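Reader: Can you walk me through this one? I am new to it.
Author: Happy to. Here it is.

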Amino acid sequence: LWCGFTLLKNLSSIQGLPDILTVFDKNAFYYLNHREEFVIWERWIQLILIGFIIYRTIQFIINSKHPILKPEIKLILTVLCVCSDVIWVSVPLIRPEALSGSLFLYLIVRLLFTEIITPKIASILLIIFILTFTQRLIFLFFGPFVVGTILIHLWQQKISWKTYSNYIGVVILALFALMPFIITDTFVVLKSFLGGVFTKINHDKMDTYFNMSYINNFVMEPINLIFSLFCVIGMWYLVK
């Protein structure tokens with residue numbers, strides 16, 4: 001955004017592509033040498049954005065007319081959204097989990113508790129999903145769930161594929177606009193992402209299919225057993 005503002009401000013002095021790239025280089029150089037100044041602003045902006053996303057999530061839960069959302073369930077979901085430590089712990093660290101986590105939380109709530117997903121809403125949800133995994137590629141594994149849920153909604157409404165295909169172009173443009181490095185550095189992205197996955201998988205191989213060290217540590221904490229009991233009771237009532 002700042003590079004764009006600088007380009008517009010100095011439009012008369014720009015003669016070609018080298019001048020444009022020089023503007024980007026100077027801004028990048030300034031950023032690298034004044035990181036403390038930018039980190040403070042980044043934390044404030046991230047905190048405001050996440051607060052707004054969580055607010056919209058809670059607002060949607062409260063106003064939703066979905067038959068599953070009873071008042072007590074709305075209260076529980078609201079408390080869980082506000083108290084999500086996975087999101088709030090990442091805010092002061094400028095970690096991608098903060099923005100991507102809050103966006104994904106909003107997306108999941110919209111997918112599960114929207115009564116009718118129209119093609120317009122479907123496109124908005126897909127763009128939110130694109131924003132989510134551009135921040136954290138690990139969320140790409142949820143693609144089948146997100147896309148499948150949207151397609152099921154559209155299929156139930158008997159919406160023609162032609163109507164929905166009008167929005168595909170917008171989604172594709174949004175994807176490449178937010179992740180241009182997919183085109184320019186395809187192999188670097190694959191190496192970074194898949195390489196990281198394989199490294200984590202092979203770092204500490206388990207002797208069995210069960211992570212016994214984790215299970216033993218979990219069982220040794222009495223509070224975990226209490227939480228597990230409540231979890232089983234909650235799943236029983238959910239299925240019931």
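What follows is a short chat about helices, rings, cysteines and a pocket.

Reader: What kind of model is this, and how are residues numbered?
Author: This is a predicted model, in which local features need pLDDT of at least 70 and side-chain atom pairs count only at pLDDT 80 or more, while totals for chains, interfaces and linings use all residues. Residues are numbered from 1 along each chain as its sequence is written, and side-chain values use heavy atoms, with hydrogens and water left out.

Reader: Start with α1. Which residues are buried there?
Author: Cys3, Thr6 and Leu7 are buried in helix α1, residues 2–9. Buried means under 20% relative accessible area, exposed over 50%, and partly exposed in between (1.4 Å probe, protein chains only). Helices are DSSP runs of H or I, at least four residues, numbered from the N terminus.

Reader: Why are they on the same side of α1?
Author: They cover an arc of only 100 degrees around the axis, so they sit on the same side of α1. The arc is that of the directions from the helix axis to the C-beta atoms. An α-helix has 3.6 residues a turn, so residues three or four places apart point the same way.

Reader: What do the buried residues of α1 pack against?
Author: Against α2, residues 17–33. Trp2, Leu8 and Lys9 are exposed on the other side of α1.

Reader: How exposed is lysine 9?
Author: Its relative accessible area is 63%.

Reader: New topic. How many aromatic pairs are there?
Author: A search of the whole structure finds eight. Rings of Phe, Tyr and Trp (its six-membered ring) pair if their centres lie within 6.5 Å; planes under 30 degrees apart count as stacked, over 60 as edge-to-face, and the rest as tilted.

Reader: What about phenylalanine 104 and phenylalanine 142?
Author: Their ring centres are 4.8 Å apart and their planes are at 50 degrees, so the pair is tilted. Phenylalanine 104 is in helix α6, and phenylalanine 142 is in the loop between α7 (119–135) and α8 (143–156), so the pair ties together parts 38 residues apart in sequence.

Reader: Buried or exposed, those two?
Author: Phenylalanine 104 is buried, at 10% relative accessible area. Phenylalanine 142 is partly exposed, at 38%. The ring of phenylalanine 142 also pairs with that of phenylalanine 139, with centres 6.3 Å apart and planes at 35 degrees, so that pair is tilted. Phenylalanine 139 counts as buried, at 14%.

Reader: Which residues do ring pairs link into a cluster?
Author: Tyr30, Tyr31 and Phe38. Phenylalanine 38 lies in helix α3, residues 35–63, and is partly exposed at 26%.

Reader: Who else is in α3?
Author: Glutamine 46, for one. Glutamine 46 counts as buried, at 7% relative accessibility. Beyond residues up to four places away in sequence, glutamine 46 touches Ser90, Val91, Ile94, Arg95, Ala98 and Leu99.

Reader: Last one. What volume does the largest pocket have?
Author: About 570 Å³. On a 1 Å grid over the protein atoms alone, a pocket is an open set of points where a 1.4 Å probe fits, with protein on both sides within 12 Å along at least five of seven lines; lining residues have an atom within 4 Å of a point. Grid points are joined across faces, edges and corners, and the volume is the space filled by probe spheres set on the points.

Reader: Which residues are closest to its centre?
Author: Of the 18 lining residues, they are Ile73, Ile76, Leu77, Phe113 and Leu238. The elements giving two or more residues to the lining are α4 (71–82), α6 and α14 (222–239).

Definitions and conventions: Contact means heavy atoms within 4.5 Å.
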